[in-house]
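Hi,

Here is the structure I said I would pass on.

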Amino acid sequence: MKIEEVKSTTKTQRISAHSHIKGLGLDEEQRAIRNAGGLVGQEQAREAAGIVVELIRRKKMAGRAVLLAGPPGTGKTALALAIAHELGSRVPFCPMVGSEVYSTEIKKTEVLMENFRRAIGLRMKEVKEVYEGEVTEMTPTETENSYGGYGKTVSHVIIGLRTVKGAKQLKLDPSIYETLQKEKVEIGDVIYIEANSGAVKRQGRCDAYATEYDLETEEYVPLPKGDVHKKKEVVQDVTLHDLDVANARPQGGQDILSIMGSLIKPKKTEITDKLRREINKVVNKYIDQGIAELVPGVLFIDEVHMLDIE
């Protein structure tokens with residue numbers, strides 16, 4: 001079973017009408033402020049939603065549902081998105097619309113099961129040997145193309161990393177340089193590179209480059225402490241659906257049928273119950289060993305009246 005290096009399949013949240021909402025707008029006593037967090041009015045509903053958020057944080061809402069009922073335009077979807085913001089990015093929040101379950105390719109129950117598993121997170125903790133720091137230098141060294149032609153190829157890249165305690169210069173493989181380019185790493189960014197796999201993770205821009213603008217798209221992080229070369233606890237957040245997809249996708253072979261199949265865009269297929277049971281066994285084993293932690297999330301079904309009872 002693939003547990004490590006699983007790409008997230010988190011659905012893109014709908015923005016436009018609700019992009020201004022930042023939270024429930026409650027004070028320290030969990031009372032609603034009339035105009036706060038992008039919400040105006042609906043004080044009682046916001047305070048009730050605050051109680052729901054607290055129950056979710058204490059993991060006492062598992063298996064329960066909250067029905068938000070009201071005429072169109074009264075703020076039902078806005079409240080759900082505000083709850084998601086209050087819970088933070090670490091807690092899975094899966095929004096869907098009731099009409100999404102109608103499909104010619106997969107069953108309605110399969111769509112619901114898929115979204116339920118999107119809303120259940122798994123937090124993996126692992127101690128890894130890494131090189132971490134602020135990028136002070138990134139110089140690729142080019143050589144003549146050994147296969148002929150006029151172009152040049154990158155033979156290696158020299159990168160400098162700095163922390164509060166010291167600095168170090170590393171000579172990296174060209175494949176790691178490609179990863180640095182994909183992550184859009186620049187001088188002044190804080191990154192870490194795994195010593196064993198060469199995986200690169202950009203954590204953000206160093207806060208020394210922070211400006212005084214009220215609105216910025218960049219996320220600033222402090223300069224790392226300790227040595228550049230260290231052991232670090234790496235936390236990876238995935239959902240059960242991410243694991244389902246990673247293990248359901250066929251790996252393919254070198255024969256002509258596999259190559260042709262990879263060229264054709266595959267249809268959305270159902271994930272079998274047998275595969276889910278196998279993944280659940282592995283997940284339970286990791287939880288028992290203390291390697292992973294289950295993170296209950298929230299599934300928000302908009303236009304729930306579209307669902308029929310079966």
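This is a predicted model: local features need pLDDT of at least 70, side-chain atom pairs count only at pLDDT 80 or more; totals for chains, interfaces and linings use all residues.

Residues are numbered from 1 along each chain as its sequence is written, and side-chain values use heavy atoms, with hydrogens and water left out.

**Overall picture**

The chain has seven helices and twelve strands; these are DSSP runs numbered from the N terminus, with helices being H or I of at least four residues and strands E of at least two. Of its 310 residues, 34% count as buried. The accessible surface of the chain is about 20,300 Å², and carbon and sulfur atoms hold 52% of that (Shrake-Rupley method, 1.4 Å probe; for residues, only the protein chains shown count as cover). Among contacts in the chain with a separation of 6 or more, 65% are between residues 24 or more positions apart, where contact means heavy atoms within 4.5 Å.

**Cores**

What makes up the largest nonpolar core? By nonpolar core I mean a set of buried Ala, Val, Leu, Ile, Met, Phe, Trp, Tyr and Cys residues joined through side-chain atoms within 4.5 Å. The largest one has 20 residues, and Leu-24, Ile-56, Ile-83, Leu-87 and Phe-93 have the most contacts inside it. Helix 1 (43–57), helix 2 (76–87) and strand 12 (298–302) are the elements that give it two or more residues. Helix 2 supplies the largest share of this core, with eight residues. There is also a second, separate core of 14 residues, including Val-157, Leu-161, Val-185 and Val-228.

**Cysteines**

I searched the whole structure for disulfides (a pair of cysteine sulfur atoms within 2.5 Å) and got zero. Cys-94 is buried at a relative accessible area of 3%, and Cys-206 is buried too, at 2%.

**Salt bridges**

The rule here is a side-chain nitrogen of Lys or Arg within 4 Å of a carboxyl oxygen of Asp or Glu, and it gives a count of 15 salt bridges. These are the ones I looked into:

- Glu-114 pairs with Arg-118, with the closest N and O atoms 3.0 Å apart. Both sit in helix 3 (residues 108–118), four residues apart, or about one turn of the helix. Glu-114 is buried at 9% relative accessibility, and Arg-118 is buried at 15%.
- Lys-165 meets Asp-227 at 3.9 Å, N to O. Lys-165 is in the loop between strand 5 (152–162) and strand 6 (167–172), and Asp-227 is in the loop between strand 9 (220–221) and strand 10 (229–239), so the pair ties together parts 62 residues apart in sequence. Lys-165 is exposed at 61% relative accessible area, while Asp-227 is partly exposed at 41%.
- Arg-202 bridges to Asp-189, again by its closest N and O atoms, 3.0 Å apart. This one links distant parts of the chain, with Arg-202 in strand 8 (residues 200–206) and Asp-189 in strand 7 (residues 189–194), 13 residues apart. Arg-202 counts as partly exposed at 22%, whereas Asp-189 is buried at 1%.
- Glu-110, Arg-117, Asp-244 and Arg-276 are joined in a network of salt bridges.

Asn-115 is in helix 3 and is buried, with 2% relative accessibility. A polar atom of the Asn-115 side chain lies 2.8 Å from the backbone oxygen of Val-111.

Glu-303 is in the segment after strand 12 and is partly exposed, at 38% relative accessible area. Where does the chain bring Glu-303 relative to Ala-69? The two are 234 residues apart in sequence, but 10.0 Å apart in space, C-alpha to C-alpha. Setting aside neighbours within four places in sequence, Glu-303 is in contact with Val-97, Gly-98 and Ser-99.

That's what I have, so over to you.

Cheers

Methods:
Buried means under 20% relative accessible area, exposed over 50%, partly exposed in between (1.4 Å probe, protein chains only). A polar contact is a pair of N or O atoms within 3.5 Å; within protein, one must be able to donate a hydrogen and the other to accept it, and residues adjacent in sequence count only if both atoms are side-chain atoms.
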